[in-house]
Amino acid sequence: TSNAMLAWCEEAAVSWHFIAPGKPMQNGICEAFNSKMRDELLNETLFFGLDQARRIVASWVADYNAARPHSALGYETPAAFAAQFAATGDRLHAMETFRRSPIAPSAQAGKCHPPALVSGGEGRGSQHMGGNARDLALFNMAVHSKLRGYDIVGLRVRDVFVAGRVKERASMIQSKTGKPVRFEITEATRLSLERWIREPEMIGLEFLWPSRIYGSPHLSTRQYAKIVRGWVSSIGLEPSAYGTHSMRRTKVAQIYKKTENLRAVQLLLGHTEMDSTVRYLGVDIEDALSLSEGTDL
């Protein structure tokens, strides 16, 4: 692909303009799109064939390009913005008013940027669930287990519940890496899980989060993502800024903020490489320099 692109550029006399090394935010719009597609679609979906992949990707793209609100459009959907833009066509003569800077401002030094849905205790999100036993248990498990979306929805009752009680610690094989990862189940999470497992609708079921769709044994990642969007909306946050990975990041972001121990975070997330953990948390050279400045020998 790259050779074909280079050949075309040479034939068409088109010059290449690269972003500066280590400056991805000079191409911020593209980087933001790549990040959302990776977090919401590619990391959360198991593809079993080309036709299925095309269907799922097409559905996600249609939602992104038409139905989802975008902050760059004043939190309007692209369809609504396009309709409004078409209705005020006279503004096309003043395109400078719509031009945006190609280079985004840099992040604040020493800050990592995983969006968080909780702020201590049961958290802002869980306070809005009322008497919904399933959602409270799912919320607590998603935050404290730190599992990927497709691992969360695939949990079985026997993974967390043995001999009439909820385990204090559990483990499972990660679908993405094929390697085991251990996680703690806090007291509040154990209480919410026990309440949910003892619900009449859970009697005799294998999976911890059964689906209400006929033929599907458990929640799909798409259903889980929809539930998360509902939680985000209920606490007054912008749904398009958060996803299922926000649940996975929340606790480890707080752990890293308090301890600055990347190795511990790597183990908790089940990453095989430290570099994956660094990228996942958004740690950059400024964080490393801040740590160095705070260490006096």
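**Exercise 1. E194**

Decide from its relative accessibility whether E194 is buried, partly exposed or exposed.

Solution. The relative accessibility of E194 is 28%, so this residue counts as partly exposed. The classes are defined by relative accessible area: buried is under 20%, exposed is over 50%, and partly exposed lies in between (1.4 Å probe, protein chains only). The model is predicted, so local features need pLDDT of at least 70 and side-chain atom pairs count only at pLDDT 80 or more, whereas totals for chains, interfaces and linings use all residues. Residues are numbered from 1 along each chain as its sequence is written, and side-chain values use heavy atoms, with hydrogens and water left out.

Next, place E194 in the fold: it belongs to helix 9 (residues 187-197). Helices (H or I, at least four residues) and strands (E, at least two) are DSSP runs, numbered from the N terminus. Finally, the C-alpha atom of E194 is 8.6 Å from that of A137, although 57 residues separate the two along the chain.

**Exercise 2. The whole chain**

State how many helices and strands the protein has, and what share of its residues is buried.

Solution. The secondary structure consists of 14 helices and four strands. Of the 297 residues, 33% are buried. For contacts (heavy atoms within 4.5 Å), take the pairs at least 6 apart in sequence: 54% of them join residues at least 24 apart.

**Exercise 3. Helix 3**

Now list the buried positions of helix 3: A53, I56, W60 and Y64. These residues cover an arc of only 75° around the axis, so they lie on the same side of helix 3. The arc is taken from the directions of the C-beta atoms as seen from the helix axis. The spacing follows a general rule: an α-helix has 3.6 residues a turn, so residues three or four places apart point the same way. On the other side of helix 3, D51, R54 and R55 are exposed.

**Exercise 4. Aromatic pairs**

Count the aromatic pairs in the structure and classify the geometry of F139 and W231.

Solution. The search of the whole structure returns four aromatic pairs. Rings of Phe, Tyr and Trp (its six-membered ring) pair if their centres lie within 6.5 Å; planes under 30 degrees apart are stacked, over 60 edge-to-face, and the rest tilted. For F139 and W231 the centres are 5.2 Å apart and the planes stand at 75°, so the pair is edge-to-face. F139 is in helix 6 (residues 133-145) and W231 in helix 10, so the pair links parts of the chain 92 residues apart. F139 and W231 are both buried. Elsewhere, ring pairs join F33, W60 and Y64 into a cluster.

**Exercise 5. Salt bridges**

Find how many salt bridges the structure holds, and describe the pairs formed by D63, K146 and E206.

Solution. The total is 10, where a salt bridge is a side-chain nitrogen of Lys or Arg within 4 Å of a carboxyl oxygen of Asp or Glu.

1. D63 pairs with R68, the closest N and O atoms being 3.6 Å apart. D63 is partly exposed at 32%, whereas R68 is buried at 10%. E40, D63 and R68 are linked in a network of salt bridges.
2. K146 pairs with E184, with closest N and O atoms 3.1 Å apart. K146 lies in the loop between helix 6 and helix 7 (149-153), E184 lies in strand 4 (residues 180-184), and 38 residues separate them. K146 is buried at 1% relative accessibility, while E184 is partly exposed at 22%.
3. E206 meets R156 at 2.5 Å, N to O. E206 is in the loop between helix 9 and helix 10 and R156 in the loop between helix 7 and helix 8, so the pair ties together parts 50 residues apart in sequence. Both count as partly exposed: E206 at 40% and R156 at 24%.

**Exercise 6. D159**

Determine which side chain of opposite charge is nearest to D159.

Solution. D159 is in helix 8 (residues 157-160). Lys and Arg count as positive, Asp and Glu as negative; His and the chain ends are not counted. Leaving aside residues up to four places away in sequence, D159 touches K167 and A170.
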